[in-house]
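The sequence and the structure are shown first.

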Amino acid sequence: MVVLLLLAVAALWGASFLFIRVAVTDFGPVALIETRVLLAGVALWLVLSLARRGLPNWRAQGRRYLVLGAVSAGLPFTLIAVAEQELTSGLAATLNATTPLFTLLIGALYGQEQLNARRLAGVLCGVVGVAVLVGLGPLQPSLAVLLAVAASLLAAVCYAIGGVYAKRHFSATPPITVATGQQLGAAAVLLPITPFAMPDKVPSAASAGAAIALALPCTALGFALFYRIVARRGPTTALAVTLLVPPFGLVWGAVFLREPLTPSMLVGLVIVLASVALITRRTSRAQTPRMAAQGAEEV
């Protein structure tokens with residue numbers, strides 16, 4: 001059962017890159033992400049309201065939810081949408097797998113993570129993997145592509161900062177409550193600039209459907225299933241989804257968008273995933289499921 005849940009979450013989160021790629025041209029990055037976080041936040045809020053538990057405490061933590069939403073959802077989601085105007089969805093998904101690398105480095109600066117030889121090797125491995133993806137990937141490394149790659153990596157940095165922030169300020173809050181406040185906080189942050197970034201024409205039915213799929217199955221349902229895994233088997237099992245998202249992203253892009261799947265991409269993927277494995281392999285019993293869930297990020 002847990003294996004099926006892991007595969008379901010990885011498939012949903014991997015598909016988010018596909019749906020961004022489909023919808024971003026019609027919506028534009030900002031309007032698409034505002035649609036995503038608002039619908040996902042409302043859906044999660046309704047789930048918590050029906051369950052009569054765990055609603056975010058906006059009076060006590062409203063400002064922190066706004067910061068968390070901006071850093072770990074609004075900004076990185078938008079950066080990825082910007083990047084996918086140039087990158088394939090599979091390449092964007094693989095670059096996003098560098099999040100644990102940046103989480104380690106930023107966490108070490110704040111004293112939340114420890115560096116050792118194995119983890120430093122993982123960092124170097126991740127750098128090599130990104131270099132392979134960019135230099136030998138399916139796209140010519142033009143200025144536009146390099147800027148898109150930089151945007152994807154900056155999104156991973158944002159996720160890492162968001163994980164550190166959540167660990168410091170929401171360690172006593174249920175994870176699904178944090179996810180709800182995060183999405184609604186992101187929607188509030190993006191709302192003032194959305195009217196200035198609206199699409200020039202009404203999005204097509206395909207783009208509208210992709211935006212809804214991005215918000216509801218990929219984001220709202222994906223989070224709900226992820227936290228069920230955390231509750232049943234703990235953080236170590238749940239964080240294995242980090243290794244499964246990029247392969248699904250590559251497969252969905254190749255199958256539904258006919259994106260190229262080259263040997264160099266597979267090599268780069270293996271190197272990046274090896275980096276993630278070296279960095280995240282830890283069996284600390286002191287780490288709680290709640291903390292692990294807050295540190296796990298997706299697109």
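In which handedness of crossing does α2 pass α3? The crossing of α2 past α3 is right-handed, meaning that the near helix is turned clockwise from the far one by less than a right angle. This is a predicted model, in which local features need pLDDT of at least 70 and side-chain atom pairs count only at pLDDT 80 or more, while totals for chains, interfaces and linings use all residues. Residues are numbered from 1 along each chain as its sequence is written, and side-chain values use heavy atoms, with hydrogens and water left out.

| Pair | Angle | Distance between axes |
|---|---|---|
| α2 (residues 29-51) and α3 (residues 58-83) | about 135 degrees | 10 Å |
| α1 (residues 2-27) and α11 | about 50 degrees | 7 Å |

Contact (heavy atoms within 4.5 Å) is made by residues including I33, R36 and W45 of α2 and F77 and V82 of α3.

α1 and α11 are likewise oblique to each other, and α1 passes α11 in a right-handed crossing. Among the residues that meet are L6, W13 and F17 in α1, and L244, F248 and W252 in α11.

Helix α11 has 16 residues (241-256); at 1.5 Å a residue the helix should span 22 Å, which agrees with end C-alpha atoms 22 Å apart. The expected span is 1.5 Å times one less than the number of residues. In α11, V241, V245, P246, G249, L250 and G253 are buried, that is, under 20% relative accessible area with a 1.4 Å probe. R258, which follows α11, has a positive phi near 55 degrees.

Definitions and conventions. Helix = DSSP H or I, 4+ residues; strand = E, 2+ residues; numbered from the N terminus. Buried < 20%, exposed > 50% of the residue type's maximum accessible area, 1.4 Å probe, protein only. Axes fitted to C-alpha atoms, helices over the stretch in contact; angles between N-to-C directions. Parallel < 35°, antiparallel > 145°, perpendicular 65-115°, else oblique.
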